[in-house]
Structure formats: C-alpha cells, structure tokens
Amino acid sequence: GGPGLEWKDVGMYCGVQVAAGITAALGYSLLFWDTFNLTPAVGFGWVHAGLCEILYTFMLCFVVLNVAVAKNNSPNQFYGLAIGFVIVAGAYGAGAVS
C-alpha cells in the first residue's frame, strides 16, 4: 500500500484507545471512590456537544498538522504557542457546552 497504516493496525490502535479509556475510568473510580456521568451542560443536547467536539478536534488537528508537522514550516519555534491558543479557544468555546 501507500503511505499510512494498514487497517489491522488502525483496528489495534482503536482497540487500545477504548481499553485505555475504560482503564482510566476504572482507575478514577478506584482512586476517588466516586463516579460521574458525562453529559452535556444544562440547556445543551448531545448534538450540540458532539458538534462542538468535532469542530474543536478538527481545529486542533488542523493547527498541529500545519505548524508542528508541515515541512514547509520547519524553522518554526512558535508551534507550541499556536497549539496552546487552540486549546484555550476550545476550552472557552466548547467547554461551556460539553
């Protein structure tokens, strides 16, 4: 094939991410002896929260790929600042919803 991962590797990565999320949830509940449900904020639905998360994830991936990974921007020392601003913008923008 061309560049990228084989589908079996993609499946393994997805499986590891799900297992890590479950392990983190179990670790939190064992550490603090408390659990909580993840729901959107009051006044917002799952569609609103999902849309915010999709847009924020796209924005973060777009900035990371353009400032930290692109070879045309290789002598760039401001990539950390750009990524930090995206995280702050996402926290202010989507944090109130989800």
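**Briefing**

From the N terminus on, the chain runs α-α-α. It comes to 3 helices and 0 strands, where helices (H or I, at least four residues) and strands (E, at least two) are DSSP runs numbered from the N terminus. This is a predicted model, in which local features need pLDDT of at least 70, side-chain atom pairs count only at pLDDT 80 or more, and totals for chains, interfaces and linings use all residues. Residues are numbered from 1 along each chain as its sequence is written, and side-chain values use heavy atoms, with hydrogens and water left out.

**Dimensions**
- The C-alpha trace spans about 50 × 35 × 30 Å along its principal axes.

**Surface and contacts**
- Of the 98 residues, 11% are buried (under 20% relative accessible area, 1.4 Å probe, protein chains only).
- Carbon and sulfur atoms hold 72% of the accessible surface of about 8100 Å², computed by the Shrake-Rupley method with a 1.4 Å probe.
- Among contacts (heavy atoms within 4.5 Å) with a separation of 6 or more, 48% join residues 24 or more positions apart.

**Helix α2**
- Helix α2 covers residues 46–69, 24 residues in total, and reaches 32 Å from first to last C-alpha, close to the expected 34 Å (1.5 Å times one less than its number of residues).
- Its buried residues are A49, Y56, V63 and V67, and they pack against α3 (79–94).

Note on methods:
Buried means under 20% relative accessible area, exposed over 50%, partly exposed in between (1.4 Å probe, protein chains only).
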